[in-house]
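Reader: I'd like to go through this model with you and ask where the labels come from. Could you show it to me first?

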2 protein chains.
Amino acid sequence: MGRSRDTRERIVRTSARLLLSRSYGSVSVDDVCAAADVRKGSFYHFFPAKADLAKAVVDLHTDALLERLAAASGDTAAQRLHGVADAVGGIQAGFESTFGRVVGCPFGNLAAELSTVDDTLRDHLASAFARWERGFAVICHQAAHEGVLREGVDPDRLAHSLLAHTQGRILLAKVGGHSATDVAATLHDLIDVHLREGAV
Amino acid sequence: MGRSRDTRERIVRTSARLLLSRSYGSVSVDDVCAAADVRKGSFYHFFPAKADLAKAVVDLHTDALLERLAAASGDTAAQRLHGVADAVGGIQAGFESTFGRVVGCPFGNLAAELSTVDDTLRDHLASAFARWERGFAVICHQAAHEGVLREGVDPDRLAHSLLAHTQGRILLAKVGGHSATDVAATLHDLIDVHLREGAV
DNA sequence: GGCTCTCTTGACCGAACGGTCAACTGGCGC
DNA sequence: GCGCCAGTTGACCGTTCGGTCAAGAGAGCC
């Protein structure tokens, strides 16, 4: 039936959902196939192995994330910085409303579970994180040029710090049952403490 | 042969090592038994299910962590704050020298992988994190009373922020191949930015 | 010496796992 | 109208998974 051209995409989107609601290890290829209404042979027509599915899911989330980060606007760098915090909060709020609770960061979850298990996936995740961090860094450098960063705050280190905080805070929300708005709030706090007094 | 009384401990310690070097899903009960030189029947004599092993490993790490945090001394709260950053860095450095790279936080790894999969384990991890955070909070409150915290910095929020940062930074080091000393350095930066100028 | 109780052993189980394959099917280019 | 090929199907494979169990063996107590 060499038909529907959306099979691969359906597999990836379904997997993204299943991986968020559970974990890589607890989601089987059979689970994915059943949820996507695809037979296993078709699955292995598109993906050489289960690990390649994880990579495709990472790519899906990377596209969505970068698009959303780029949409963070504002007249000042400080506003844009808070804008990315809102973007992260918005993504998490979306997951929260879909799954009924904070289910973690798609990148962070896979990174924690698999970066000591699968080297090529770890590389894949590392470059996804790098792109994310670079997005942060651009705004941090703008903030530095606008002179709103506190004395001694290095923009690159701040970008890294923001990413670390994002990951950690989402993980704590996942295990502690906190809400996505809490995540965003903590992120805003962290940004504020790095800005000069009165800077917005 | 109702003999050796250290079997259970040997299982837990071996599992702790295996779980750090890989992941919960990729370590089988058979793997653990082989590495600990224990037959599977013995394993299931001590643990009702594989998940209970994870709990025991969490307890092992919790004891080690709290002991190490309590050892963080110093005349001022600021020094003790930097002391806990060193403690975290020291633990990670230990793992790094054992496994040849940063392998993540034992709590964070399990939390990311399993807190959407196993509710009782998630609770277990949540209370471990809570105890950890309380350890941070005690020192943060001391810092507040000593007046070394920047204006507007809430000690409880700072403790939470420190924990989030710790988790996120370790995860980034794991996936990015950074060293444990980098982790500690970022933590020191975060502490410094929350302290008044000149406070040590 | 024998009883008891904890611990140990190795064989065993059904289910689920990731992955393979030969056969088939429909749409598209010629 | 026909050949080609990406896509589809369902049966199938060997392995590994978490977990069970009946039988035994040593230490401690009386």
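Author: Here it is, and the questions and answers below go through its labels in turn. Keep in mind that this is a predicted model.

Reader: Let's begin with chain A. What makes up its secondary structure?

Author: Chain A has 9 helices and 0 strands. Read from the N terminus, the elements go α-α-α-α-α-α-α-α-α. The C-alpha trace of chain A spans about 65 × 30 × 30 Å along its principal axes.

Reader: Now chain B. Why are helix 5 and helix 7 of chain B called roughly antiparallel?

Author: Take the crossing angle: the axes of helix 5 (residues 77–99) and helix 7 (residues 119–145) of chain B cross at roughly 155°. Angles over 145 degrees count as roughly antiparallel, so helix 5 and helix 7 of chain B get that label. Their axes also come within 8 Å.

Reader: Which residues make that contact?

Author: From helix 5 of chain B, B:Ala77, B:Arg80, B:Leu81, B:Val84 and B:Val88 take part. Helix 7 of chain B brings B:Trp132, B:Phe136, B:Ile139, B:Cys140, B:Gln142 and B:Ala143. By class, the contact residues are 9 nonpolar, 1 polar and 1 charged.

Reader: How many residues does each chain put into the contact between chain A and chain B?

Author: It takes 40 residues from chain A and 40 residues from chain B. To count, a residue needs heavy atoms within 4.5 Å of the other side. The two chains bury about 3,300 Å² between them, with 65% of it on carbon and sulfur atoms.

Reader: What lines the largest cavity?

Author: There are 18 lining residues, and the closest to the centre are A:Ala112, A:Leu171, B:Gly108, B:Ala112 and B:Leu171. Helix 6 (106–114) and helix 8 (155–176) of both chain A and chain B each give two or more residues. Helix 8 of chain B gives the most, with 5 residues.

Reader: How does that lining divide into nonpolar, polar and charged?

Author: It has 7 nonpolar, 10 polar and 1 charged. Gly counts as polar here, so B:Gly108, one of the lining residues, falls in the polar group.

Notes:
Residues numbered from 1 in each chain as written. Chains lettered and ligands numbered in written order. Predicted model: local features only at pLDDT ≥ 70, side-chain atom pairs only at ≥ 80, totals over all residues. Heavy atoms only, no water. 1 Å grid on protein atoms, 1.4 Å probe; cavity = no way out; pocket = protein on both sides within 12 Å on 5 of 7 lines; lining within 4 Å. Helix = DSSP H or I, 4+ residues; strand = E, 2+ residues; numbered from the N terminus. Axes fitted to C-alpha atoms, helices over the stretch in contact; angles between N-to-C directions. Parallel < 35°, antiparallel > 145°, perpendicular 65-115°, else oblique. Buried area = accessible area lost by both parts, 1.4 Å probe.
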